[in-house]
Amino acid sequence: MVKFILVRILQAIPTLFLIATLTFFMTRMAPGGPFDSEKNIPDEIKEKLEAHFGLDKPLHEQFILYINNLLQGDLGPSFKYMGWDVSELIAKAFPVSAQLGILSLCIALLMGLPAGIIAALRKNSSYDYFLMISAMLGICLPTFVLGPLLILIFSSWLGWLPPLGWYSFSDMILPSLTLGLFYAAYIARLTRAGMLETLNQDYIRTARAKGASPIRVVLCHALKGGLLPVVTFLGPAFAGLISGSFIIESIFFIPGLGRFFVTAAFNRDYTMVLGTVLFYACLIIILNLVVDIIQASLDPKSRGR
Amino acid sequence: MEKAIDEKILHFGLGSEPQYLDPHLANSVSAHNVIIALIEGLVSEDPETLKPIPGVAEKWEVSEDGLVYTFHLRKNAKWSNGDPVTAQDFVFSYKRILNPELASQYASMLHGLKNARKYHEEGIPWDEAKVGAIAIDKHTLQLTLENPTPYFLELLNHYSWFPAHPPTIKKFDAFGKQGTAWTRPGNYIGNGPFVLSDHKVNSVIEVKKNPLYWDSNTVSLEGIRFYPIESADTEERAFRSGFLHLTQTVSPDRIDFLKTNHPNLIHFESYLGTYFYRFNVEEPPFDDVRVRLAFNLATDRQAIVEKVTKGGQLPALCFTPPGTGGFSPTSRFRFDPQKAQSLIQEYLEEKGLKSLPKIELKYNTSEGHKKVAEALQGMWKSHLGAEIQLLNMEWKVFLSTIAKRDFSLARAGWIGDYVDANTFLHMWRTGDGHNNTGWSNSRYDELLELAAQESDTKKRFSYFEECEKLIAENAPILPIYFYVHVTLRSPTVKGWYPTLLDHHPYKYVRLEKSEENN
Amino acid sequence: MSIENTKVQNLISSSTKSSSLWRDAWIRLRANRLAALSLFFFVLVSILTIIGPEIISTSYDEQDLNNTFAAPGSTHLFGTDNLGRDLFARVLHGGRISLAVGFLATAVSLIIGVAYGMTSGYLGGKMDALMMRIVDILYSLPFTIFVILLMVLFGRNFVLLFIAIGAVEWLTMARITRGQTLSLKQAEFIESARALGYSHKRILFRHILPNLIGPVIVYATLTVPAVMLLEAVLSFLGLGVQAPMSSWGSLIKEGSEKMDIAPWLIFFPGLFFSLTLLALNFLGDGLRDALDPKSAKD
């Protein structure tokens, strides 16, 4: 296992390098720069500005410099938020996104798992149809429709919850719900499919034949195998969740990583774009690794691979 | 909201996160809105008329020829750490913003100071260049100008003329360097009515009342919280749930609804700015003045402001907003589709064309710009038979496209930096960094030069009038409307007046419980 | 993406190759009421969006500034928008764009994915390991982020949109195809084809490719709605199609901002969008069940 983890970590290094290279040149090739603004700056001033941040050097030199700094753990200063370092900004924004992600995930699991299990146990009943159609709707309703809709109902009409911000716990409910519902729907469908598959396996039939109580069968036997697809899904989903959904963050004015990334791209904040992309990539790599480890422990078959 | 009123905290929609909080580097309206809470200039503004009133300087004298200004600084003006604000601090600040190493985007605002250019652009050392800013003693500052500038005192309210605390700048090595940490809470030393107490990037900027401010008795608010909410819809939701006292904008499509349902909350304030389109006069079909005039004549500006923008904007029938610093140009642009058609016909016949080529209209992505563009697209199609293709571009891409003049027709807007026609008309000079149309007219350049050296108002205005005439005759642009600042404001906010530059000195702002309910 | 992956993985284990499979599948699909209904709905929407804009009298970009935000009624079936444009015409036109984006981007991912996966699986050995390693690496790229980055940095452009989305979606397709090819390679009929000395090209195109169609179709049906959602997300960020054109995503975005003053602006595009996505997903599920007799017999 240790060897497996080590190999994966070693493999991550070229991947990250590739990502850094790709993003670096992509952002630099794009039209516009971090210091363009509507009021034109005289060329001399612009040159000075660029020299100030080393943007006047040939591109390959800038790239080598960036990678050099990166190796020392320095992501550079942000061009849009003057006076702040990219790493500081990420350190502040990530916990916000993580909070939002974890809360949403809890909501998703609390709603999705029971719904999926019930639907599987009552296959083809009206429960099943109702749950699965709602789940499908949850998947098909874009978050930017659901979000404003929830705000309209719970904030504008009923006045129960704040419409935006990330300052107190009540602020967190609506955004987590909006994000969580989407994932709940996915999880419900996956759980149902996984459960159906395991319920058909021979060992479950054996357990049933032996007269084990249905609840026991479900909880002790079926659930373990049935959750496998959910776990596989959770890896990337979790990465997506905690890296922050920029849509939710912009609707609810949450200072999370997703909003930072999108505004950075729009503002040509080169270092910030690179920093967030690399951070996302690390996150995905780590989470995929964690999922693989969990998967291996749930499913003895895959251990050999 | 009740709580905010008791605590006297103003909740302010800032629109966007400012790139800089450093007055010598700032470059945006949002930065202005925060900086004026933290720093005070030589003069301050009357909250209703924006006329210069004493600020750090308690009085001043102007020489007969209008070239030398002597400011007497008040003795009780203090930095937020207790240091006195001195004339030397101002000289230091001017030296800093003009320091070529700092690469300040607004340094040219100080080019009116005698010899400032020599230091800023020619690399001559400060003392040798003899820049016209001298601290006669600790509390007397003498400024000498290149030209008599009737609007000089108004100019001083631009943040580029604001002072910065020299020991702090030195401590953070920020004299010639950007991106230092001096502008963070805890480090920021200002001399304004408020001090910076918290800054969470992309979330909130908080300022608290400064007890050391010389006029702190006038200041009613205990603090202001600025929220950089970019989406107008999110801002409106925040406002309507009582989270904000003021919004930065209102989404154009919601104006009608708010006007009908919340007339006491929505405010329309004229704003010193012109919304217009640029033609590229070097490429067909807009290289022909007839086509440019025809597009202008086929533009029903009244319909645009009444049915599309709906914010009480005035149709722009000239370029400089009427009444800018007392100057009101004659209206020369009009709506005359018949004339437009005959001009186009004439052009097409001469060129042997059946119809106009397909024209691309570029604008930066925004619901409001899209609406106007779509409406104009319809007008020109029906009046001129012109096929217009709309192309919206993301802001930075749009900017670089305009600068490269890679367009035939493009949206533009200009907001005055100070209340004088010069801030509008100077951009059409030959080769001006903001011209970007390719249009050049030697008489126009000459007129602006004459106006700059003229101290007689009447003569200055006659030069400006001729400039306007040249613009209308040559039509390098297509003015559409004069901006109106549309905001939502709670009736609890008092001491807030509509002003042309959308400046609102916070020391006069109060929060009071109101009879009217949201 | 991995959800589709697992779904289809079930299929892979149980693929059959007789032509009667298709007939059986069709019968099973028709028996699945939800899937049949979805198919019907989907065909209907496709016809409406393809032919509709040509036959209705109002154009999607015709403005009537005196009749903005008109509620649904007899003149304007779905009401009008902020510029007085007929929403019915816009929804039909928008559907055309959304479906086109969905299908073309899926086609791009299909071509890349199948070609890549088939090559990898057929070659096997070291080459296969290397090619799959590359896919693994690409999997850990934050792709949605790259798509956004691409669209922000290089502007909207239909071709770029397809390529960008296609580039994101082909990875799973490649994995599925590769797995399928690997198992097919061992199948008797392929081995006999080899023994008969057929060329690689012939084996690949005549024997392996036809047997890939099942899982590929299922996955494609599920990719289309995913792509349409991604297009909607891009529209939300203001990176969708150019005005005055519309897509369902951009209509929903505009509608969501006005849902309290003109609810029809979100209702109709939202309804069409969600129902189409719903239909495609059910159809995908149905197809999987139909093509996978094992799961269907429960």
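**Strands and interfaces of a predicted model**

Student: What phi does B:Gly66 take in the hairpin of E4(B) and E5(B)?
Tutor: The phi of B:Gly66 is positive, near 75°, and five residues lie between the two strands of this hairpin. The model is predicted, with local features requiring pLDDT of at least 70 and side-chain atom pairs counting only at pLDDT 80 or more, whereas totals for chains, interfaces and linings use all residues. Residues are numbered from 1 along each chain as its sequence is written, while chains are lettered from A and ligands numbered from 1 in the order in which they are written.

Student: Why are strand E4 (residues 57-62) of chain B and E5(B) said to pair?
Tutor: Strands (E, at least two residues) and helices (H or I, at least four) are DSSP runs, numbered from the N terminus. Two strands pair if DSSP finds at least two bridges between them. Five bridges join E4(B) to E5(B), so the two strands pair, and they run antiparallel.

Student: What joins E5(B) to strand E7 (residues 140-144) of chain B?
Tutor: Five bridges do, and these strands also run antiparallel. B:Tyr69 of E5(B) has B:Val62 as a bridge partner, and B:Tyr69 stands opposite B:Leu143 in E7(B).

Student: Which residues form the covered face of strand E5 (residues 68-73) of chain B?
Tutor: That face holds B:Tyr69, B:Phe71 and B:Leu73, while B:Val68, B:Thr70 and B:His72 form the uncovered one.

Student: What makes B:Phe398 of helix H14 (residues 395-403) of chain B buried?
Tutor: A residue is buried if 20 or more other C-beta atoms, placed from the backbone, lie within 10 Å of its own, exposed if 12 or fewer, and partly exposed in between. B:Phe398 is listed as buried and therefore reaches 20 or more. B:Lys396, B:Val397, B:Leu399 and B:Ile402 are buried as well. The buried residues of H14(B) pack against helix H12 (257-267) of chain A, together with strands E13 (359-364), E14 (388-393) and E15 (409-415) of chain B. After H14(B) comes B:Arg405, with a positive phi near 55°.

Student: How do you know that chains B and A are in contact?
Tutor: Residues are in contact if their C-beta atoms, placed from the backbone, lie within 7 Å. The contact takes 35 residues from chain B and 35 from chain A. H14(B) gives the largest share of chain B's side, six residues.

Student: How many residues of chain C are in contact with chain A, and how do they divide by class?
Tutor: There are 31, facing 37 residues of chain A. They comprise 20 nonpolar, seven polar and four charged residues, where Ala, Val, Leu, Ile, Met, Phe, Trp, Tyr, Cys and Pro count as nonpolar, Asp, Glu, Lys and Arg as charged, and the others, Gly among them, as polar.

Key. Two residues are in contact if their C-beta atoms, placed from the backbone, lie within 7 Å.
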